[in-house]
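The sequence and structure come first.

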Amino acid sequence: MHTPIVNDKARNIFFLLCLFALGAFLRLNNLAERSLWTDEFFTLFQSSGHAVDIKNLLDPLSGQHAPALFKARDFKTFLKNDSSKNIQDVTRGLLYTDTHPPLYFWLMHIWMKVCGDGVWAIRLFSVLAGLACILLAYLVGVYLFNKEIARFCALFVSVSPFAVRYSQEARSYALIMALGLLSCFFILRFEKYNKKADIFYFAIVNTLGIYTHYFYAFVALAQFIYFTFAHRRDDAKLKKFYLAFLGSLLLISGWAIPVLLEGYNFRNIEWIFGFPGILNKIGYLCTGVTRFLLIFDKPVMLQSFLLVTGISCFIYIIFRSVKDGAKEYPRAFFFSLSMFLVPISGMFLIDLAQHGALLMQERFWVFSFLGFIPFAGYFLARGLSKSKPITIILLGLILASSFTINKVQFGPAPKYTSGWINKESGHKNSAVIVYNIRSAVLAQSYYLDDEIYLIPVSDNRQLEKSIEVLSLYAEKIFIARHYHRSDSSLMDQPFMAVRDIGPKFKLEKEIQKDDISVSEYIKCAL
């Protein structure tokens, strides 16, 4: 008599296990081979507890007339586990040097103590968080729709190139996805069963979300808007929700108060601001959403064709299914639309008001991705029943995009150029000169041979003095320039673009790879 229920449960478990296996394959594929990039080095030195040490070392160098002679090994120590460092050191580093929220760095500090600080180890945390999102997407889909559509929500998270990409990065975005979906699960379960435990857990998870990233506040705001309108006639349920929401705000104050006392200024994040214009921002609104489905970073003809084909397939499926879905699942559509639109709208308004580039940064779309997941699950499920060939083509393109996304670098990634420097140095006395900004100096040191000199410089005077001093020690000089994709001057300076560095060295070779360029100079014979 209970056989159908048992069989259905077994099918669900088997299907989810298959999705876990597929998701794990995509996320572990090429996990350690791809170079760490700038922001991941930020994770390393903040989580290791060395942020204040780096600031104390590099800041005074900016005012010195003579350069300081360091070797690559001197900086690598800031990227390694240190038994003398603890959570307090991590917290102090965040408060005094960046004021990012601390949760992810606290967790990574503990994770690195247990699992190590190698590339594979530090990225594995995000892989596991990304895999947890598959189950959480299924649970959210169950409460919004039904088990059939929930399976497709889980399928989408398993294979989405956006989800795969940020499950392979040693940054907080996979954790944000997991916390966001978990909070959605608790609020939807509270909505259905009205249990105090669920709204309590919702408040805790939302607090953790804002302790992970400030923009998680957009997720909380979307949930607030949804619940207020959806239950405006249920005073008892609204009261519990508001109390939970207030409780999470009080818990957030534990971090907000010291940050405010420290004098945090959002505009100090210089790479976000200084990009006026409305047309480009509208363009980001259009192109950003497409990256949830397909990411082809190399603008070649075939990839452009595949992108257009995939998006056209998805639009066709939406056109065939959206009216029925809005009638059959109005609450689910309202919830998903709120979760999708509120973060985008918030960042768009900030971009307009502050000449910002938030939407230009792909990773910030993670907050709206939470609302896109239920939509994608619904449309894929309906598409497979109404437009099977089109949906299969779309799923095939998504899978192909996810399989190749792990070979694409996010930003300045020094593995290739550092390897080239190591080879070109030929075990001779060599030096690398880099602009004195920690995200470039620490990153450049990681893949360099220990004995290569690494000289941070802050202006043209220090550059000239460094070359003069190095003429006594080095047979080869390499000038490395790191470029931010939003604006190349943010991580480099015009004086670093010099090609003629004086009569003692001549330009030999130049390369550019993964947003880093390197010029090689050899010492002239006397």
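Across the whole structure, which is a predicted model, a search finds 52 aromatic pairs. Two of them are tabulated here.

| Pair | Distance between ring centres | Angle between planes | Class |
|---|---|---|---|
| Phe 215 and Phe 218 | 5.6 Å | 40° | tilted |
| Phe 375 and Phe 379 | 6.3 Å | 20° | stacked |

Phe 215 and Phe 218 are both buried. Helix α17 (residues 366-386) holds both Phe 375 and Phe 379, which are four residues apart, about one turn of the helix. Phe 375 has a relative accessible area of 12% and is buried; Phe 379 is also buried, at 4% relative accessibility.

Charged groups also sit over aromatic rings. The charged end of Lys 195 is placed over the ring of Tyr 193, 5.8 Å from its centre. Arg 363 lies over the face of Phe 364, and the distance to the ring centre is 5.3 Å.

The largest nonpolar core contains 172 residues, and Phe 156, Ile 433 and Leu 442 have the most contacts inside it. Helix α7 (residues 119-144) gives the most to this core, with 14 residues. Beyond its neighbours within four places in sequence, Leu 442 is in contact with Phe 41, Phe 45, Ile 54, Leu 58, Phe 75, Phe 78 and Leu 79.

How many disulfides does the structure hold? The number is zero. For Cys 115, the closest cysteine sulfur belongs to Cys 133 and is 18 Å away, so the distance is too far for a bond. Cys 115 is partly exposed, at 39% relative accessibility. Cys 524 is partly exposed as well, with a relative accessible area of 27%.

Technical notes: Residues numbered from 1 in each chain as written. Predicted model: local features only at pLDDT ≥ 70, side-chain atom pairs only at ≥ 80, totals over all residues. Heavy atoms only, no water. Core = buried A, V, L, I, M, F, W, Y, C linked by side-chain atoms within 4.5 Å. Buried < 20%, exposed > 50% of the residue type's maximum accessible area, 1.4 Å probe, protein only. Helix = DSSP H or I, 4+ residues; strand = E, 2+ residues; numbered from the N terminus. Contact = heavy atoms within 4.5 Å. Disulfide = S-S within 2.5 Å. Phe/Tyr/Trp six-rings, centres within 6.5 Å; stacked < 30°, edge-to-face > 60°. Lys NZ or Arg CZ within 6 Å of the ring centre and 35° of its normal.
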